[in-house]
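Reader: I am new to this structure. Please show me the model, then take my questions one by one.

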Amino acid sequence: MTIARKLALGAMAGLVAAAIAATPVRADDVEMKIDNFTFNPQQITVKAGTKVIWTNNDDIPHTVTSKTGIFKSKAFDTDDKFSFTFTTPGTYSYFCSLHPHMTGSIVVEAGTGK
């Protein structure tokens with residue numbers, strides 16, 4: 001391999017590394033599943049600032065509706081998603097407004113100061 005090629009490959013590797021480092025990664029995102037008329041997992045604990053993403057894996061529409069009205073999705077169908085970012089510590093109970101027996105809760109703890 002020529003020196004010019006080695007330098008070019010090294011420069012490209014540096015650009016790729018810089019691009020990756022500049023891309024924000026949301027390690028705090030939490031994936032939730034809706035499947036077989038259940039929220040899975042049914043209860044989770046997250047840090048303030050966490051985005052929770054629900055994905056509907058059922059064949060029929062569902063909603064994600066806070067019991068206190070803080071968040072409410074529209075009815076979303078198979079493979080559709082709904083997300084909400086929890087910024088305030090507390091316990092957030094929710095249900096599917098189309099199937100009220102489907103319930104879940106999110107416990108939000110104080111953030112890590114990010």
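Reader: How many aromatic pairs does the count come to?

Author: This is a predicted model. Rings of Phe, Tyr and Trp pair if their centres lie within 6.5 Å. By this rule, the count of aromatic pairs comes to ten.

Reader: Which residues form one aromatic cluster?

Author: Phe, Tyr and Trp rings are the ones considered. One cluster takes in Phe 39, Trp 54, Phe 71, Phe 76, Phe 82, Phe 84, Phe 86, Tyr 92 and Tyr 94.

Reader: How many residues has the largest nonpolar core?

Author: Nonpolar side chains tend to be buried together in soluble globular proteins. Here, Phe 39, Trp 54, Val 64, Phe 71, Phe 86, Tyr 94 and Ile 106 have the most contacts inside the largest nonpolar core. At least two residues of this core come from each of β1, β3, β4, β6, β7 and β8. The size of the core is 18 residues.

Reader: What does Phe 39 touch, leaving out residues up to four places away in sequence?

Author: Contact means heavy atoms within 4.5 Å. Phe 39 belongs to the aromatic cluster. Its partners are Lys 33, Ile 34, Trp 54, Thr 63, Val 64, Tyr 94, Phe 95, Cys 96, Met 102, Thr 103 and Gly 104.

Reader: In what order do the four strands of the open sheet lie?

Author: Strands of a sheet pair through backbone hydrogen bonds, either parallel or antiparallel. In this open sheet the pairing is mixed, and the order is β2-β1-β4-β6. The edge strands, each pairing on one side only, are β2 (38-40) and β6 (81-86).

Reader: Which residue in β2 is the bridge partner of Lys 33?

Author: Strand β1 covers residues 30-35. β1 pairs with β2 in the antiparallel sense, over three bridges. In β2, the bridge partner of Lys 33 is Asn 40.

Reader: Is Gln 42 buried, partly exposed or exposed?

Author: Gln 42 sits in the loop between β2 and β3. Its relative accessible area is 47%. Buried means under 20% and exposed means over 50%. Gln 42 is therefore partly exposed.

Reader: How far apart in space are Gln 42 and Gly 104, C-alpha to C-alpha?

Author: In sequence, 62 residues separate Gln 42 and Gly 104. Beyond four places in sequence, Gln 42 is in contact with Tyr 94, Thr 103, Gly 104 and Ser 105. From C-alpha to C-alpha, Gln 42 and Gly 104 are apart by 4.7 Å.

Reader: Over which residues does pLDDT stay under 50?

Author: The protein averages a pLDDT of 84, and 74% of the residues score at least 70. One stretch, with three contacts beyond four places in sequence, stays under 50: residues 15-27.

Technical notes
Residues numbered from 1 in each chain as written. Predicted model: local features only at pLDDT ≥ 70, side-chain atom pairs only at ≥ 80, totals over all residues. Heavy atoms only, no water. Pairing = 2+ DSSP bridges. pLDDT = per-residue confidence, 0-100. Core = buried A, V, L, I, M, F, W, Y, C linked by side-chain atoms within 4.5 Å. Buried < 20%, exposed > 50% of the residue type's maximum accessible area, 1.4 Å probe, protein only. Phe/Tyr/Trp six-rings, centres within 6.5 Å; stacked < 30°, edge-to-face > 60°.
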